[in-house]
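Colleague: Please take a close look at a single part of this model and describe its surroundings. I would like the cut-offs stated along the way.

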Amino acid sequence: MNAIQPTIETKAAAASKQAPSGAELVVSALRDQGVEIVFGYPGGAIMPLYDALPGSGLKHILVRHEQAAAFAADAYARVTGKAGVCIATSGPGATNLLTGIANAFMDSVPMIAITGQVPAGVMGTDAFQEIDIFGMSMPVVKHSFLVRRAEDIPQIIAQAFEIATSGRPGPVLIDLPKDIAQSRVENIAPIKPKATSSRAPDPSAIAEAENLLKRSKKPVLYIGGGVAKARAVLALRRFNMLAGIPAVSTLTGLGTLPTGSADFYGMLGMHGGKAANMLVQEADLLLVCGARFDDRATGKVDGFAPNAKVIHLDCDPAEIGKVRSADVAVPGDLKAALESLKIGILDISDWRQHVRALGAEHEFNYEAPGSGVFAPAFLDELSRAAGDRFVAACDVGQHQMWVAQHCQFSRPEAHLTSGGLGAMGYGIPAGIGAKLARPDDCVVTVTGDGSIMMNIQELATMRRYGVALKIVLFDNSALGLVRQWQELFYEGNFSEIDLYDNPDFAEVARSFGIEAFTVSRRDQTTAAIERLLNTPGPVLAHVHINPRENVWPLVPPGKSNAEMMER
Amino acid sequence: MMTQTLHVEFETHEGALLRLIGLIERRGFDIHSVDLPAASAGRMNVGFGVIARNLSSDIGILQRQIHRLTGVCRVFGDVDGTDKRVGGQHG
Ligand SMILES: Cc1ncc(C[n+]2csc(CCOP(=O)(O)OP(=O)(O)O)c2C)c(N)n1
Ligand SMILES: [Mg+2]
């Protein structure tokens, strides 16, 4: 009575005997691109791809909401410089990804978003879970593909990675109908590599820039997120080591020059430092590198740096002159441009002395009344204790601005923030993406009691994969940043900002299996930071802060950066 | 306000026309007319009559924004012409 032994075959082995399916082509094309981790969530139309995942060598992280897959892939990309990959099913899966795709678009982050689609034959019939994600996502992608033939898949994926990572990076969407993912492919279209050239800087523009710089008495180096994107951080550091130009940074440019380094005066703009904004206002020349004059940085554009000429270096020619016209435009390879700028020693010692005095005069004061935790001081101490491996993944609100103002960043990847989109809910998924990419870094998500609720389900993802992310939750029982604006600009008419009925977040975390503790007094700060940093696994510190604390200084909306309000 | 003409030569990938029209409208221009000859050899050369919605909308910037779309080969118009072969970095 011999039972018939079923032949146990892996999917991959079974598949190797026949022509590959579209889904298998996707998986092998991702492997060819060096992808190791993908973030996603399955569903009907994407099932063929999930069928091809086991045994493929790709590590799939199952998030608990597609938005988190996109945010995690975004952060993974920000810290590695490689494209992050996220996957969702058609319809609601795809629409849930959209915020994360938009986030990557606004901050120029390379990302590949793969969405399932209903079978090609029923597209256009309002089939179950059919949504035109190709159309919906158009304004927030760098490019997109709708796969019409399975044999094109290797070519499309190669092109998608090329587009996502070259020039000004951005997200690329690939919409994959289910039948195409399932169909077997005999003849695969060959991959035609496209040569992308990065444009060398124009020598005459460089010469003009050098001339302006040499003549300037009050130059300022204005750093944006584009410097790191162009892999020009070292080039910029070298350039300014010699040039010694007083420098400021946008929110996304933080870390390009290490916090506290000589000649660096911190963030400019709405919640920038007073010294940073003042020196930009006084400047006679701005050397703008990889920045786009975002309104949060410039305040009222007409009043911004009124006496300054502008040299604008950016890989994207469409950014030059968009908001502020440039006296010298240097489109193209930022690294090459910085390396070719030769200006010798500038005669600006009076200016440097003046801005140094400004910097000293407007240093932040970490004294605060009362005995409650003072978030700025907490963050300052936390980032110093964590050292050079520190990476902050922020949510959005007052706490996000405090991170930008008070943390020490040794490199641009140390500061992960939803800059252009300002999307609450970024913090925890971003922390997960970053920690998975860089397990040896000390990744800390700084979140608020409003923001954490936007993706709190991802505590389950942390737990499942043992992601040793540290979470600092600043709880002011409010949508604090909105409350601050209502207090200052809407005559204290507080409307729908009160989160008095928050849950006990430490209990919530514990119920997900995450270690957690609560902090409410300032004298517990150092012990809390030690506990956070010394806990080997995931941990959450629920930190109560004064609900009436505001972010200072502040440029009121619509006002010039010269008109800062202070505490 | 004055109508300006933009000519865009692009590869006829799925969604290419929609992408162009969407970009032009989103970046502050009304489309007043479209001259749409048949595609040949996978390329199309479309003329758009556009009107800026406000004075600060700069058609030169719009040209460069169109220019950076994947699959756009050439953009030129009444104002400063931009050619992909000499223009900014592709991608
Ligand atoms: C998805 C999303 N919805 C709404 C907003 C508007 N918004 C900006 S900050 C903020 C309050 C955030 O509250 P919390 O996370 O508690 O941070 P706090 O300001 O209190 O530190 C809101 C509602 C946003 N940025 N993102
Ligand atoms: Mg709050």
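Modeller: Leaving aside neighbours within four places in sequence, A:D263 is in contact (heavy atoms within 4.5 Å) with A:N240, A:G244, A:I245, A:P246, A:A247 and A:R352. This is a predicted model, in which local features need pLDDT of at least 70, side-chain atom pairs count only at pLDDT 80 or more, and totals for chains, interfaces and linings use all residues. Residues are numbered from 1 along each chain as its sequence is written, chains are lettered from A and ligands numbered from 1 in the order in which they are written, and side-chain values use heavy atoms, with hydrogens and water left out.

A:D263 lies in the loop between strand 8 (247-249) and strand 9 (264-267) of chain A. Strands (E, at least two residues) and helices (H or I, at least four) are DSSP runs, numbered from the N terminus. A:D263 counts as buried because its relative accessibility is 12%; buried means under 20% relative accessible area, exposed over 50%, and partly exposed in between, with a 1.4 Å probe and protein chains only.

Elsewhere in chain A, strand 11 (residues 309-314) is mostly covered, with five of its six residues buried. Strand 11 of chain A pairs in the parallel sense with strand 10 (residues 285-289) over five bridges, and also in the parallel sense with strand 12 (residues 328-331) over four bridges. Two strands pair if DSSP finds at least two bridges between them. A:L313 in strand 11 is the bridge partner of A:C289, and A:L313 also stands opposite A:V330 in strand 12.
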